[in-house]
Amino acid sequence: MPYAPADPMDLFDLRSELSEEDRLVQDSVARFVDENVLPVIRGHFERHTFPRDIVAGLAGLGLLGSSIEGYGCAGLGPIAYGLICQELERGDSAIRSFVSVQSSLCMYPIFTYGSEAQRQRWLPAMARGERIGCFGLTEPHGGSDPANMKTHARRRNGDWVLNGAKMWITNSPLADVAVVWASTEEGVRGFLVERGTKGFETPEIENKFSLRASATGSIFLDDVVVPDEDMLPGSTVGLKAPLSCLTQARYGITWGVIGAAQACLRELLEYTRTRTLFDRPLAANQAVQIRLAEMSRRITTSQLLSLQLGRLKQAGKMTPAQVSMAKWHNCRAALDVARDARDLLGGAGISAEYVPIRHALNLESVITYEGTETIHQLSIGRELTGINAF
Ligand code: TGC
Ligand code: FAD
């Protein structure tokens with residue numbers, strides 16, 4: 001058979017490993033991103049605004065709570081969810097973040113730990129994008145150690161009274177409902193707190209230099225009364241429930257960041273072929289080709305990790321340590337690709353006209369949230385040695 005050059009974004013032809021359904025999902029999300037995200041995202045990044053207009057489109061494609069069966073959700077498998085994240089983050093990490101939080105951090109705990117009444121009330125409306133959720137775990141004094149939780153819920157006349165503060169909460173300024181984790185006398189539990197409840201405030205965090213197209217805020221809880229029926233009854237007492245939500249979202253992030261890295265490499269390939277320096281295309285220099293090859297190696301190893309992780313998830317065998325390895329590896333790989341692409345664009349690399357600077361700035365958040373790089377390294381260290389070094 002004659003040799004045909006591989007797709008530079010898929011050197012190991014992993015697309016041929018996908019099911020027909022997964023390919024259809026990927027193609028339709030890719031089209032959506034090309035038509036609805038790429039034309040507007042730069043403006044939103046520059047203005048520091050979330051593109052709220054696209055929420056209906058995300059919902060229309062079944063991308064909100066896509067892994068949930070029933071309740072108006074699409075019931076897709078883990079590889080399809082990964083591909084959704086990958087294509088969305090090719091547009092911008094903010095869009096993938098929105099979908100991660102709505103799907104993995106809000107709809108997932110309501111589905112997994114909620115009562116039937118809570119599922120009926122929230123999930124169909126959230127799948128339609130009519131209700132937006134946020135997830136409040138991190139607190140101002142330190143997000144890496146959620147066990148040291150200060151936000152608390154105390155029982156009063158059959159209700160719960162919540163006090164405390166959460167910080168760096170994606171979607172909180174937009175959210176209709178917040179999944180708030182609070183410490184109780186029995187341990188940590190999840191609560192659904194609705195906008196409009198007295199004492200519940202969600203001011204936006206301004207002036208971010210990263211994820212500028214995402215709405216990030218705080219949550220302040222000042223004697224907020226939450227009825228007992230809005231406590232997540234299945235949330236086991238302790239950190240297991242919130243950490244299980246993080247596992248779902250981190251899985252999606254491992255795929256998402258591949259999309260950001262691909263966007264950078266694709267643009268850079270074009271740029272280095274067409275920019276002439278010292279009488280030859282930039283891409284004709286060995287030093288440049290080695291850097292492009294490095295980017296491709298980082299993307300390919302990330303793709304292989306995520307695909308295998310997806311297969312393990314599908315088989316019900318995925319472990320938190322595997323997720324930590326892929327989250328650490330793929331975020332680091334994508335950030336290195338974006339920073340190096342920025343450098344190879346020279347001065348143009350600092351302009352929003354090219355995508356690497358936007359992706360690099362976004363990835364500075366992505367490598368920090370959902371567990372910093374160090375937290376994931378220490379999780380793997382604990383898995384290997386059996387010694388907790390946090
Ligand atoms: P540890 O003793 O390890 O665990 C307590 C219990 O939870 C279980 N567990 C998990 N279960 C499911 N998934 C996981 N990933 C789990 N990790 C642990 C564990 O088995 C145990 O169960 P049991 O039955 O024995 O009680 O807890 P630890 O206090 O030692 O903490 C470990 C550590 C440091 C890894 C954890 O605290 C951690 O992951 N810290 C980082 C916090 C973090 O990632 N926060 C993210 C906030 S949300 C966010 O950033 C959203 S950004 C969204 C976006 O815009 O995309
Ligand atoms: P800290 O925990 O204070 O860590 C500071 C530094 O110390 C880090 O480099 C860390 O790696 C290091 N460190 C910590 N412990 C150790 C140790 N034992 N040994 C060595 N080094 C250590 N949270 C939510 O709950 N919901 C959200 O929706 C959400 N969205 C976010 C959106 C954005 C844009 C950002 C930036 C953050 C978001 N977060 C959210 C918070 C995020 O999860 C935290 O920022 C993250 O977990 C780190 O917590 P921290 O910022 O308090 O840093």
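# Two ligand sites in a predicted model

An oxygen atom of ligand 1 is 3.1 Å from an N or O atom in the side chain of Arg96. The model is predicted. The space taken by ligand 1 is the largest pocket, and the space taken by ligand 2 is likewise the largest pocket. Ligand 2 lies between domain 2 (133–230) and domain 3 (240–385), because both give residues to its shell.

- The side chain of Tyr369 places an N or O atom 3.3 Å from an oxygen atom of ligand 1.
- Glu370 uses its backbone instead: a polar atom there is 2.9 Å from an oxygen atom of ligand 1.
- Ligand 1 exposes 1100 Å² when taken alone, and the protein buries 73% of that.

**Ligand 1: shell**

- There are 27 residues around ligand 1.
- The nearest are Ser97, Thr247, Arg250, Gly371 and Arg382.
- Helix 4 (93–113), helix 6 (240–274) and helix 10 each supply at least two residues of this shell.
- Helix 6 gives the largest share, with six residues.
- By class, the shell of ligand 1 holds 12 nonpolar, 10 polar and five charged residues.

- A polar backbone atom of Gly143 is 2.6 Å from an oxygen atom of ligand 2.
- Leu137 also contributes through its backbone, with an N or O atom 3.0 Å from an oxygen atom of ligand 2.
- The accessible area of ligand 2 on its own is 980 Å², of which the protein covers 68%.

**Ligand 2: shell**

- The shell around ligand 2 has 18 residues.
- Thr138, Gly143, Ser144, Trp168 and Thr372 are the closest.
- Strand 5 (159–170) and helix 10 (373–385) each provide at least two residues.
- The largest share comes from strand 5, which supplies three residues.
- Eight residues of the shell around ligand 2 are nonpolar, nine are polar and one is charged.

- Helix 10 supplies at least two residues to the shell around ligand 1, and at least two to the shell around ligand 2.

Conventions: Residues are numbered from 1 along each chain as its sequence is written. Chains are lettered from A and ligands numbered from 1 in the order in which they are written. This is a predicted model: local features need pLDDT of at least 70, side-chain atom pairs count only at pLDDT 80 or more; totals for chains, interfaces and linings use all residues. Side-chain values use heavy atoms; hydrogens and water are left out. A residue is near a molecule or strand if one of its heavy atoms lies within 4 Å of it. A polar contact is a pair of N or O atoms within 3.5 Å; within protein, one must be able to donate a hydrogen and the other to accept it, and residues adjacent in sequence count only if both atoms are side-chain atoms. Accessible areas come from the Shrake-Rupley method with a 1.4 Å probe; for residues, only the protein chains shown count as cover. On a 1 Å grid over the protein atoms alone, a cavity is a set of points where a 1.4 Å probe fits but cannot get out, and a pocket is an open set with protein on both sides within 12 Å along at least five of seven lines; lining residues have an atom within 4 Å of a point. A molecule sits in a cavity or pocket if more than half of its atoms lie within 2 Å of its grid points. Helices (H or I, at least four residues) and strands (E, at least two) are DSSP runs, numbered from the N terminus. Ala, Val, Leu, Ile, Met, Phe, Trp, Tyr, Cys and Pro count as nonpolar, Asp, Glu, Lys and Arg as charged, and the others, Gly among them, as polar. Domain bounds come from an automatic or database domain assignment.
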